[in-house]
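Me: I have a structure open and would like to go through some of its contacts. Can we start with the charged side chains?

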Amino acid sequence: VSKILRLRQNRLSLESVIIDSSDYLITVGCLKPITALCDKDMLVNEIINYHVIKRTILPFESFRQGLKTLGVLEKMQMNPDAFSSILCQKPEKLSAKLLGDLFTVHCLPGADKARRVDFWMGYLQETGGESAVTLEDILVFATGIRNIPPIGFDPEPSVKFLHIKYPNRKRHLNCLELPISNSYEKFKTILDFTIKSTLRLESEVH
């Protein structure tokens with residue numbers, strides 16, 4: 001009985017949301033009667049289809065017609081490889097300098113910021129060589145993705161040095177929290193261990 005009541009309550013909540021969003025659903029052509037809770041999946045798919053496909057058809061067609069000017073579209077179709085470097089975004093190859101510029105370093109008041117920055121930059125420069133992790137591993141650990149998006153990150157990535165024992169990350173903030181250590185070797189060892197073991201566990205889960 002409780003399960004039936006719970007399902008009924010969920011369906012009523014869904015109907016309430018649809019009523020509140022009726023103007024939007026009419027605009028995107030997705031307003032339909034809901035007879036069962038499972039209908040929400042169909043509704044979500046139709047909304048996604050509108051925003052990803054239907055809404056973009058006219059701009060793409062306009063772009064296509066523009067490319068036909070002076071035969072540009074025809075040349076593109078004949079030589080797709082020649083135009084891919086111009087029209088397609090390729091992930092920028094990660095480097096220590098690129099990640100160093102990407103992450104803003106913050107320190108607690110009274111901390112030796114220059115030394116912390118030296119530790120951080122030294123770690124980035126060693127990564128990919130003798131280090132157990134790669135630059136991609138560091139980016140994934142901090143942000144969840146392997147490449148820098150063409151439009152950048154929001155919020156911008158940051159590194160915070162705190163009085164903690166092990167590195168931590170807050171991916172929703174693109175924030176990497178690192179321990180304050182007096183020894184670079186200890187700093188490096190802790191980062192290598194935490195990043196590698198965390199990513200390995202994540203890959204096993206998925």
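This is a predicted model: local features need pLDDT of at least 70, side-chain atom pairs count only at pLDDT 80 or more; totals for chains, interfaces and linings use all residues.

Me: Is Arg-169 buried or partly exposed?

Reply: Arg-169 is partly exposed, because its relative accessibility is 21% and buried means under 20%.

Me: And which ring does the charged end of Arg-169 sit over?

Reply: The ring of Phe-141. The charged end of Arg-169 is 4.8 Å from the centre of that ring.

Me: How many salt bridges does a search of the whole structure find?

Reply: The search gives 8 salt bridges. Among them is one between Lys-196 and Asp-137, at 3.4 Å from N to O. Lys-196 belongs to helix H9 and Asp-137 to helix H8 (residues 135-143), so this pair links parts that are 59 residues apart in sequence.

Me: What else does Asp-137 meet in a salt bridge?

Reply: Arg-146, with 3.9 Å from N to O. Asp-137, Arg-146 and Lys-196 are therefore described as linked in a network of salt bridges.

Me: Change of topic: rings. How many aromatic pairs are there?

Reply: The count is 6 aromatic pairs. One of them is Phe-119 with Phe-187, a tilted pair with 5.6 Å from centre to centre and 45 degrees between the planes.

Me: Why does that pair tie together parts that are apart in sequence?

Reply: Phe-119 is in helix H7 (residues 113-126) while Phe-187 is in helix H9 (residues 184-205), so the pair connects parts 68 residues apart in sequence.

Me: Is Phe-119 buried or exposed?

Reply: Phe-119 is buried, with a relative accessible area of 8%. Phe-187 is buried as well, at 0%.

Me: Which ring pairs with Phe-187 at 6.3 Å?

Reply: Tyr-184. The ring centres of Tyr-184 and Phe-187 are 6.3 Å apart and the planes are at 35 degrees, so this pair is tilted. Both residues are in helix H9, 3 residues apart, which is about one turn of the helix. Tyr-184 is buried, like Phe-187.

Me: Which residues form the aromatic cluster?

Reply: Phe-119, Tyr-123, Phe-161, Tyr-184 and Phe-187 make up one aromatic cluster.

Me: What lies over the face of Phe-119?

Reply: Arg-116, at 5.9 Å from the ring centre.

Me: Last topic, helix H3. What span should its 29 residues have?

Reply: Helix H3 (residues 39-67) should span 42 Å at 1.5 Å a residue, and its end C-alpha atoms are 41 Å apart, so the two values agree.

Me: Where does H3 bend?

Reply: At Ile-57, by about 45 degrees. A proline, Pro-59, follows within four residues.

Me: And which residues of H3 are buried?

Reply: Asp-39, Leu-43, Tyr-50 and Leu-67 are buried in H3.

Definitions and conventions: Residues are numbered from 1 along each chain as its sequence is written. Side-chain values use heavy atoms; hydrogens and water are left out. Rings of Phe, Tyr and Trp (its six-membered ring) pair if their centres lie within 6.5 Å; planes under 30 degrees apart count as stacked, over 60 as edge-to-face and the rest as tilted. Helices (H or I, at least four residues) and strands (E, at least two) are DSSP runs, numbered from the N terminus. Buried means under 20% relative accessible area, exposed over 50%, partly exposed in between (1.4 Å probe, protein chains only). A charge sits over a ring if NZ of Lys or CZ of Arg is within 6 Å of the ring centre and within 35 degrees of the ring normal. The expected span of a helix is 1.5 Å times one less than its number of residues. The bend at a residue is the angle between axes fitted to the seven residues ending there and the seven starting there. A salt bridge is a side-chain nitrogen of Lys or Arg within 4 Å of a carboxyl oxygen of Asp or Glu.
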